[in-house]
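Look over the sequence and the fold before reading on. This report goes through the sheets, the cores and the ligand site in turn.

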Amino acid sequence: MTTTLTSEDPAATALTPAISLRGLRKSFGDVHAVDGVDIDIAPGEFFSMLGPSGSGKTTVLRMIAGFELPTAGEIRLDGADVTREAPFSRDVNTVFQDYALFPHMTVLQNIEYGLRVKRVPRAERRTRALDALARVQLEAMAQRKPSQLSGGQRQRVALARALVNRPKVLLLDEPLGALDLKLRREMQVELKQLQRDLGITFIFVTHDQEEALTMSDRIAVFNRGRIEQVASPQELYEQPATAFVAGFVGTTNLLGAEASLQLLGSQGAHALRPEHIQLHDAEPDVVAAGVIHARGTVSEVIYLGAATHTIVDLDQGGSLIVQRQNDSSAQPERAGQRGGTAHLTWQRTHCVPVDAAV
Ligand code: ATP
């Protein structure tokens, strides 16, 4: 028996992406800022767009918001084509990096502003604004002006101002960029919890790979206006599809075609994470099947607190970064000192073939 899904059917709704981008392009003169992007984002997903400065993330976000018209392609929100719709008729809200708060208004007035424009009655406005303020734990600051708040508090007001509209989709453009590292980490956890509680689809732009890994359900890695890979944080880290992704997400050793042939006897480039390499000061007596062995000289030892990175120049040319956790049981080894001979071993299975044609 075949079942037909109607639009009222929950199963059919679940299949409709919250956002769907097809063949999206944007050129500014001869700059191809966005050069053919296809993405489907599920309802309730925390989706990040990650990439270096100038890779096109913000332009994609601005096209979803309606602040920029695409040169080509299509944008669908909840199945409806909004490519040419004005920003205010799209069910999305944006939180900008600079928060864009009105300095002369109180926190409460800032949050109510959008509802006032939409002519929501005063009593409902107040209730919804106070509710949004409670969501970001800032009830006590309602009567303050933005200048009387810390950076983190201003960030929360900007968030409340977007949440008060109860959007289905929230677009966040480097919203934590202006905060110091400690506050940034705290806000990452808060933001993720808030998103989970509210069930809103979040599209989050960042150039900080650690931030994207911490918060996202899935991440799209951008490079020169195109997407290199869309995957979960774990898949992106453990199975990078390209040399660019391997290098941009976490630290990696890239074995080019020649090094791969010499060390692994395999064709094509490979990525090898530093934590998968073991460092020994003596040559191993037996090298088990499936294990690769290479010899070299330690050129640099970099202490990072929880871990140490040791850079080893291989006898056959090239160098590898090795990561060791600094737990109390780790024995100091000669091989870990600059100028010392180092023997490296790793499992062949940890070498991930990557597309190096970037
Ligand atoms: P960042 O992390 O620095 O914000 P990004 O990945 O968000 O970078 P975009 O801001 O989308 O990158 O910019 C992509 C490219 O388009 C860049 O080369 C940028 O200079 C160019 N660009 C963006 N907006 C305009 C504009 N209004 N006019 C001309 N060029 C633009």
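## The antiparallel sheet

Strand β14 (residues 291-303) is joined to strand β15 (residues 307-314) by seven bridges, and the two run antiparallel. Strands here are DSSP runs of E with at least two residues, helices are runs of H or I with at least four, and both are numbered from the N terminus. Two strands pair if DSSP finds at least two bridges between them. Within this pair, Thr297 has Asp313 in β15 as its bridge partner. This is a predicted model, in which local features need pLDDT of at least 70 and side-chain atom pairs count only at pLDDT 80 or more, while totals for chains, interfaces and linings use all residues. Residues are numbered from 1 along each chain as its sequence is written, and side-chain values use heavy atoms, with hydrogens and water left out.

The pair belongs to an open sheet of five strands, ordered β13-β17-β14-β15-β16, with antiparallel pairing. β13 (278-280) and β16 (319-325) stand at the edges; each has a single partner strand, so one side of each has no neighbour in the sheet. On average, neighbouring strands of this sheet are turned by 45° against each other, direction ignored. Helix α10 (residues 257-264) packs on the sheet and touches β14, β15 and β17 (341-347). The direction of α10 makes about 125° with that of β14. Contact means heavy atoms within 4.5 Å. Axes are lines fitted to C-alpha atoms, for helices over the stretch in contact, and angles run from 0 to 180 degrees between N-to-C directions.

## The mixed sheet

Another open sheet has six strands in the order β6-β7-β8-β3-β9-β10, and its pairing is mixed. β6 and β10 (226-231) are the edge strands, each pairing on one side only. From one strand to the next, the twist averages 20°.

β6 (residues 92-95) pairs with β7 (residues 169-173) in the parallel sense, over four bridges. Val95 stands opposite Leu172 in β7. In a regular strand, side chains alternate between the two faces of the sheet. Are the two faces of β6 covered or open? Both are covered: Val92 and Thr94 on one side, and Asn93 and Val95 on the other, are all buried. Buried means under 20% relative accessible area, exposed means over 50%, and partly exposed lies in between (1.4 Å probe, protein chains only). Helix α5 lies across β6 and β7, running at about 170° to β6.

## Two nonpolar cores

A nonpolar core is a set of buried Ala, Val, Leu, Ile, Met, Phe, Trp, Tyr and Cys residues joined through side-chain atoms within 4.5 Å. Which residues have the most contacts inside the largest core? They are Ile111, Leu159, Leu170, Leu172 and Leu191, in a core of 35 residues. The elements giving two or more residues to this core are α3 (107-117), α4 (122-135), α5 (151-163), β7, α6 (181-198) and β8 (201-206). α5 gives the most, with six residues. Apart from this core lies another, of 26 residues, including Leu21, Val37, Ala65 and Val169.

Val169 is in strand β7. With a relative accessible area of 3%, Val169 counts as buried. Beyond its neighbours within four places in sequence, Val169 is in contact with residues including Ala18, Ile19 and Val92. In α3, the buried residues are Val107, Leu108, Asn110, Ile111, Glu112 and Leu115. These buried residues pack against α4 and α5.

## Glu45 in its loop

Glu45 sits in the loop between β2 (31-41) and β3 (46-50). Why does Glu45 count as buried? Because its relative accessibility is 8%. The side chain of Glu45 makes a polar contact with the side chain of Arg218, at 2.5 Å. A polar contact is a pair of N or O atoms within 3.5 Å; within protein, one must be able to donate a hydrogen and the other to accept it, and residues adjacent in sequence count only if both atoms are side-chain atoms.

β3 and β9 (residues 218-223) pair in the parallel sense over four bridges.

## Around the ligand

Residues around the ligand include Phe28, Pro52, Gly54, Gly56, Lys57 and Thr59. A backbone N or O atom of Gly54 lies 2.7 Å from a ligand oxygen atom. A polar backbone atom of Gly56 is 3.0 Å from an oxygen atom of the ligand. For Thr59, an N or O atom in the side chain is 2.5 Å from a ligand oxygen atom.

Key:
A residue is near a molecule or strand if one of its heavy atoms lies within 4 Å of it.
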